[in-house]
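Open the model in your viewer and get ready to select residues.

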Amino acid sequence: MIHLHHSNRLERLGDALAELLATPLSSPLAPEIVLVQSNGMARWLSLRLAARNQICANVRFPYPAGYVWELLRTLRPDLAEVSGFDPEVLTWRIYGLLPGLLADPCYAELANYLQGGDESDRFELARRIADVYDQYLVYRPDWIVDWQGGAEQHWQAALWRELCVDGEAHRAQLLDELVRELQQAAPPAGLLPERIALFGAASLPQPYVALLEALGRHCAVHVFALNPSAEYWGEIRSEREIRRRAGDADPEALYLETGNKLLASWGRQGRDFLELLLDYRVEHIEYLEPAADGTLLAGLQSDILRLVNRGGDGVRTQLADDDRSLQVHSCHSRMREVEVLHDQLLRLFEDDPTLSPADVVVMTPDVEAYAPYVDAVFATADSQRIPYAIADRSPRREQPLVECFLKLLELRDGRLEADRVGELLEAAALRERFGIAEAELPRLHDWIHRAGIRWGRDGEHRQRLGLPAVEEHSWRAGLDRILLGYAMPAGEQRLFGGILPFDAAEGGSAELAGRLLAFVDAVFTTVEELNASRSLSHWRESLNGLLERFFLADHGSEEALNGIRQALDDLARAGERAGLAEAVPLEVVANSLRQRLDMPARVGSFLSGGVTFCAMVPMRSIPFRVVCLLGMNDGEFPRQQRPLGFDLMAREPRPGDRVRRFEDRYLFLEALLSARSCLYLSYVGQ
C-alpha cells in the first residue's frame with residue numbers, strides 16, 4: 001500500500017524520511033530511490049538527511065517521469081534508452097512527416113498555417129504538436145489509446161496514427177500494461193526496488209498515482225506530502241468556484257464552504273492531488289503549530305492549519321508596532337526592488353544577529369530579468385556586502401561563450417555589420433584563440449571604424465543580398481586599407497591601385513593587424529560553410545569544428561564548451577532516433593540549440609551558503625527563515641498561460657490537469673507556509 005506521510009512542515013517530513021532511511025535496505029549496495037520534482041528539493045533533502053543521519057550516500061533523486069521510463073526499461077529490457085515518443089524525438093519525427101501529409105484534406109488546418117512559411121515555422125509547429133502530444137500521453141492516455149484504435153478523424157488523431165505505424169509502444173500504453181501486470185502478479189525477484197519514496201510533490205498525474213499503488217503491492221511506497229491544514233479540506237471551494245457551481249441555484253444548497261479563504265483560493269492544485277491519494281492511503285500525520293509569537297505571519301499560518309478565518313466576528317487582531325513578519329514593498333523599477341531588498345536584508349541581519357545569509361531565499365517569476373540588477377547591487381565590494389548566488393540561470397545567459405556561439409550562427413544570413421562582428425571579440429575564449437588581449441579591443445574597434453568598415457564582406461556578398469555590388473565600406477575594402485598601410489605607409493595622402501592606405505597598423509601594431517585578419521577570415525570561412533543544409537549528424541561535426549576554430553578551451557570555458565557539445569550530441573541522437581535523413585537548414589538547427597541552451601541547468605547554485613536567488617518553480621518553496629518574493633507584478637504573477645488553439649485538453653479540462661495559474665497560486669501558498677520568521681513581498685507599483 002501507499003504510506004502517506006502528512007505534515008504542514010517540510011522539516012518534519014524530511015526528518016520522517018531520515019527516520020525511514022535509517023533502517024538500511026537488505027542489500028548494502030542497493031540505492032535508495034527518492035523521487036523529487038526539482039533539483040533544489042533534492043539538494044535541500046540531501047543536506048537534511050546528512051544532518052540527521054550523519055551521512056547521505058547512495059541515495060538517488062530522480063524525477064518521476066524519468067524514473068517511470070527507467071522502471072519500464074528494467075521490466076522490459078527490449079525498450080530503447082530513449083522512447084520514439086520522447087518530446088524531442090517526436091518533434092523531429094513530426095518535422096519529417098509534415099511535408100508528405102499537407103496535401104491530405106484532413107491536414108488543411110496545418111497546411112493553411114504553414115502556407116508562405118519557412119523551415120523554421122515547420123519546426124516550431126512540429127515542436128508545439130510534440131509538446132501537446134506529450135501532455136496527452138500523461139494526462140489523457142485514454143484519448144491516445146482510442147485514437148490509435150481508429151476513433152476520431154480529426155488531424156490530431158490521424159497524425160497520431162501515422163506516428164504509430166511502426167508499432168512502437170508509447171509511454172501511455174506501456175504504463176497501462178505495467179500497472180495491470182503489477183496488479184495481477186509480482187515481477188521476478190530483484191527487478192523492483194525494495195523501497196521507493198516520493199517527497200514533496202505538489203501534484204502528480206493520475207496514471208503515476210495508479211503506478212505507485214500497483215508498486216505498493218510488491219514493495220514499500222512512501223509518499224511525503226506537504227498538507228497545509230490539519231483539518232479535512234477536500235470539499236472547501238473558493239467563493240468564485242462556489243458561484244460558478246451554483247449558477248442560478250442557491251449556493252447554500254450545495255453545502256460547500258470556503259473554510260480558510262486563502263487556502264480555498266490558493267490551494268486548488270494541492271487539494272486535487274491529495275484527493276487522488278485518499279483511496280490508497282495509510283496515514284502517518286504530524287502537524288506542528290507555528291511559533292506562538294503573535295506575529296501576523298504566524299497568525300496566517302495558524303489560520304490555514306486550523307481552517308479558520310480570523311476576524312470573521314468583526315474583531316481585528318492587534319499587531320505589535322515592530323511586527324515585520326510580513327512586508328509588502330511597492331517600488332518604481334526592478335532595480336529599485338533589488339536596492340530596497342538589499343537595505344531591508346541589512347536591517348533584518350542587524351535586528352537578529354542569529355540570522356545569516358544562508359537563511360534567506362529570494363524567488364522571482366523571471367530570474368533572468370532580475371539577475372543583472374542583483375549583480376549590480378549585491379556585488380558591490382564594500383563593508384556591507386552580502387554573499388549571494390543566483391540559481392536557475394540558463395547557460396546562454398550565464399556563459400558569454402554560449403551567447404557568442406549562437407551569434408556566430410546568426411551571421412549566416414546577416415549583413416556582417418561591423419558592430420555585430422566586432423561584438424564577438426567580447427568573449428574571452430574567442431580572443432584567446434586569436435591571441436587578442438582585452439586591452440587591445442579599443443584599438444581594434446577604432447581601426448574598424450576609421451578604416452571605413454561598415455557592413456558586408458565584399459561587393460559579391462552584397463550582390464547576393466540583392467544590393468549593388470559596391471566594394472566601398474565593406475570588410476574586404478577596409479582590411480585592404482589596413483594591410484596596404486602596413487606595406488607602404490603614405491600618411492593617408494596618396495592612393496595606390498585605387499586604395500587609400502590606412503597607416504595606423506604600421507610598426508609594432510602589424511602583429512595585431514594580422515590577428516584581426518585571421519579572425520575576420522575565420523568568420524568569412526564560417527559564413528560560407530553555414531550556407532548549406534545538412535543532416536543533423538553532419539551539423540554536429542560541422543559545428544564542433546566551429547567550436548575548435550573560434551574558442552580556446554581552458555578552465556574558464558571548458559564547462560560552456562562541454563555544454564554546447566552535449567547539446568549537439570543530443571540533437572544528433574534525437575535525429576537518428578527519429579529516423580530523420582533529410583538535410584536540415586541552419587536556422588532550424590540554431591532554433592533547436594537555442595531552446596536547449598535556454599533551459600536552466602539541473603545542477604545550479606542552490607543552497608550554496610549565501611542568499612539564494614532562484615526562479616519560482618513548483619516545490620521550490622523549501623523552508624527558510626526569510627522568504628522573499630520579487631516581481632509580484634500584476635499580469636506577471638500568477639503567470640499567464642495561453643493554451644494553443646489546437647490543445648484539446650484546454651477545451652475539456654479535468655481535475656489534476658496542469659494549469660499554470662493554479663500552480664502559481666499553490667506555489668505562493670507554499671512560500672507563505674515555508675517562511676519561518678519573515679515573508680517579504682515586492683512589486684513594481686509606482
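A charge sits over a ring if NZ of Lys or CZ of Arg is within 6 Å of the ring centre and within 35 degrees of the ring normal. Select R93 and F85: R93 lies over the face of F85, 5.1 Å from the ring centre.

This is a predicted model, where local features need pLDDT of at least 70, side-chain atom pairs count only at pLDDT 80 or more, and totals for chains, interfaces and linings use all residues. Residues are numbered from 1 along each chain as its sequence is written, and side-chain values use heavy atoms, without hydrogens and water.

Stay on F85. Ring pairs link F85 with Y133, Y136, W143, W147 and W160 in a cluster. Rings of Phe, Tyr and Trp (its six-membered ring) pair if their centres lie within 6.5 Å; planes under 30 degrees apart count as stacked, over 60 as edge-to-face, the rest as tilted.

The whole structure holds 19 aromatic pairs. Select W44 and F199: the ring centres are 6.5 Å apart and the planes at 35 degrees, so this pair is tilted. W44 is in helix α2 (residues 39–53) and F199 in strand β4 (residues 195–199), so the pair ties together parts 155 residues apart in sequence. Helices (H or I, at least four residues) and strands (E, at least two) are DSSP runs, numbered from the N terminus.

Buried or exposed? F199 is buried, at 1% relative accessible area. Buried means under 20%, exposed over 50%, partly exposed in between (1.4 Å probe, protein chains only). W44 is buried too, at 9%.

Last stop: R415. Its charged end sits over the ring of W455, 4.0 Å from the centre.
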